[in-house]
Amino acid sequence: MMETHDKENKYLRAKKRVEELKQFYKHAAFYIVINGFFIVRRIYKDIEYGDSVIEAITDFSNYRLFFWWGIILIFHGINTFRFDFFFGKNWEDRKIKEEMDKHNKY
């Protein structure tokens, strides 16, 4: 009975993890497609209004959405892939295990 419950919990955790990954990959795909569209569109408009191709491509204002949305995507990735900088859950678990191991040695 316990083994079945454990397998079910593992399955549910794995399913939740796959859903988190799927959401991140969708977010990344939308980021690339939508930003690509808007960047190309803004560059085209700049060229249409008289800028050279080089001026249009190097105009940093064309990349604002790309930049800010990119920061949001980075935080989403950090959360999804569990990069626990500083004092995240993995750090806590590791420290608890270390403390328990210390006390079990004596």
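1. Helices here are DSSP runs (H or I) of at least four residues, numbered from the N terminus, and the model to which they are applied is a predicted one.

2. The positive patch itself is formed by Arg41, Arg42, Lys45 and Arg64. Of these, Arg42 is found in helix α1, and with a relative accessible area of 32% it is partly exposed, since that class runs between the limits of 20% for buried and 50% for exposed.

3. There is also a nonpolar surface patch of about 310 Å², which is made by Tyr25, Phe81 and Phe83. Tyr25 has its place in helix α1, which covers residues 2–48, while Phe81 counts as partly exposed at 31% relative accessibility.

4. A search of the whole structure finds seven aromatic pairs. One of them joins Tyr25 and Phe81, whose ring centres are 6.5 Å apart and whose planes meet at 55°, so the pair is tilted. Because Tyr25 lies in helix α1 and Phe81 in the loop between α3 (64–80) and α4 (89–105), this pair ties together parts that are 56 residues apart in sequence.

5. The rings of Phe37 and Phe38 make another such pair, with centres 5.3 Å apart and planes at 75°, so this one is edge-to-face. Phe38 is partly exposed, with a relative accessible area of 33%.

Key: Residues numbered from 1 in each chain as written. Predicted model: local features only at pLDDT ≥ 70, side-chain atom pairs only at ≥ 80, totals over all residues. Heavy atoms only, no water. Patch = residues over 30% accessible without salt bridge, like charges linked within 9 Å, V, L, I, M, F, W, Y side chains within 5 Å. Areas by Shrake-Rupley, 256 points an atom, 1.4 Å probe, with all protein chains shown as cover. Salt bridge = Lys/Arg side-chain N within 4 Å of Asp/Glu carboxyl O. Helix = DSSP H or I, 4+ residues; strand = E, 2+ residues; numbered from the N terminus. Lys, Arg positive; Asp, Glu negative; His and termini not counted. Charge placed at Lys NZ, Arg CZ, Asp CG, Glu CD. Buried < 20%, exposed > 50% of the residue type's maximum accessible area, 1.4 Å probe, protein only. Phe/Tyr/Trp six-rings, centres within 6.5 Å; stacked < 30°, edge-to-face > 60°.
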